[in-house]
Amino acid sequence: MVTIEHLEVRYGKDKPPALAIQSLSIAKGERVAVIGPSGAGKSTFLRCLKGYVEPFQGKIEILGCNLFLAPRRQRDRINRRMGIIYQQFHLVPGMTVWQNVLCGRLGGARTLPSLLGLFGKRDRQIAWEAICEVGLVDLAHQKAKTLSGGEQQRVAVARALAQRPSLILADEPVSSLDPLRAAEVLELLSEVQAHHDTTLVMSLHQPRLAIAYAKRIIGLKDGRVVFDGPAETLTESIMEGIYGGKKLLLFDDAATGSR
Ligand code: ADP
Ligand code: MG
C-alpha cells in the first residue's frame, strides 16, 4: 500500500530535515498510529503521504504509484483514493452535512457538473451511504456550523468515506474533542477501517489512545522513526525515549496493566 525509501523532507534548504525515514512500508488494511512530541514530524509525514509536501529526496509509493514522479493523471487518481481528516474538521461551516459529505465526491464526479452542485445518482448514493454509516441521518440537513465538535468530526469521517478511500489519513483527529467524544470518533474510525478493510494512518497526541485504537505504532522523534512495532510492545521506557527523558504516567489504567 505505502512504501517509503530514503525519504527526506526539509522546509528550506539550510534547515535540518523535518522528516528523515530510511525505509518504511504499510500494508493494506493496517491500522497505524503515529506518535511523538510536538514538532516530531507527524503532520509532515501525513501531508507527505497525501502529496501536499514534496520531499527533498527519496521516494514514496502508494498503491504502486510514485507520488512525485508519476504522471499527473495517475497521481490525481491515487490522491482521490486518500481521505484526510484534520484536527479542526475543515468542513464548510455554512453548508449542510449532506453537502459537506457530497464534497467527498468532488474528485470522483465530473468536475463541471459537480461544481454546479449537480452530482450524479451514484455520487449521491455513495454520499448517503457514508452519512448512514457514521450515524448522521438525523442531522443530514443541518448546517455544519451548528454541530458539536464530535458531530463535525463524524461529518469529516463521512466525507472521507464518500471518497471510497483505500487509505484514510487522520492528523490528530481527536485533539479538539473531550475524552468521551474522542473515544467515540476513534471507535468510529476503527469500525470504518475494519468494515472496509481500508488502511488507516492517524497521528495521535495521546499515546494511550494510540495503544487502545491502533495495532501498529510508529514513534517519531526529530523526524526519525525511533519505534515501529505492535501496539502491545510499546513500553514505558520506549515511551520515555520518544518523548524525551521524563517519566510519563502513560500506563496508569487497568487496561495496560503492569508495563
Ligand atoms: P508535528 O505534527 O509532529 O507536531 P510537524 O510535522 O508539524 O510536527 O513539524 C515538524 C518540523 O517541521 C517542526 O520543526 C516544524 O517547525 C517544521 N515545520 C512544519 N511545517 C512547516 C512549515 N510549513 N514551514 C516551516 N517549517 C515547518
Ligand atoms: Mg502536527
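First, the conventions. This is a predicted model, in which local features need pLDDT of at least 70 and side-chain atom pairs count only at pLDDT 80 or more, while totals for chains, interfaces and linings use all residues. Residues are numbered from 1 along each chain as its sequence is written, chains are lettered from A and ligands numbered from 1 in the order in which they are written, and side-chain values use heavy atoms, with hydrogens and water left out.

Let me start with helix H6, residues 149-161. Helices here are DSSP runs of H or I with at least four residues, strands are runs of E with at least two, and both are numbered from the N terminus. H6 has 13 residues and reaches 18 Å from its first C-alpha to its last, close to the 18 Å expected at 1.5 Å a residue; that expectation is 1.5 Å times one less than the number of residues. Of those 13 residues, 10 are buried, so H6 is largely enclosed by the rest of the structure. Buried means under 20% relative accessible area, exposed means over 50%, and partly exposed lies in between, with a 1.4 Å probe and protein chains only. Among the buried residues are Gln-152, Gln-153 and Arg-159. The buried residues pack against strand S6 and helices H3, H5 and H7, where contact means heavy atoms within 4.5 Å.

Next is H9, residues 236-243, where Glu-236, Met-239 and Ile-242 are buried. Seen down the axis, the buried residues of H9 fall within an arc of 115°, so they line one face of the helix; the arc is taken over directions from the helix axis to the C-beta atoms. They pack against helix H8 and strands S3, S9 and S10. After H9 comes Gly-244, with a positive phi near 85°.

Now the charged pairs. A salt bridge is a side-chain nitrogen of Lys or Arg within 4 Å of a carboxyl oxygen of Asp or Glu, and the count comes to 10.

Asp-123 and Arg-105 form one, at 2.8 Å between the closest N and O atoms. This pair links distant parts of the chain, helix H5 and the loop between H3 and H4, 18 residues apart. Both Asp-123 and Arg-105 are buried.

Last, Asp-228 and Arg-216 meet at 2.8 Å, N to O. They link strand S10 to strand S9, 12 residues apart. Asp-228 is partly exposed at 37%, whereas Arg-216 is buried at 13%. Shared partners join Glu-30, Arg-216 and Asp-228 into one salt-bridge network.
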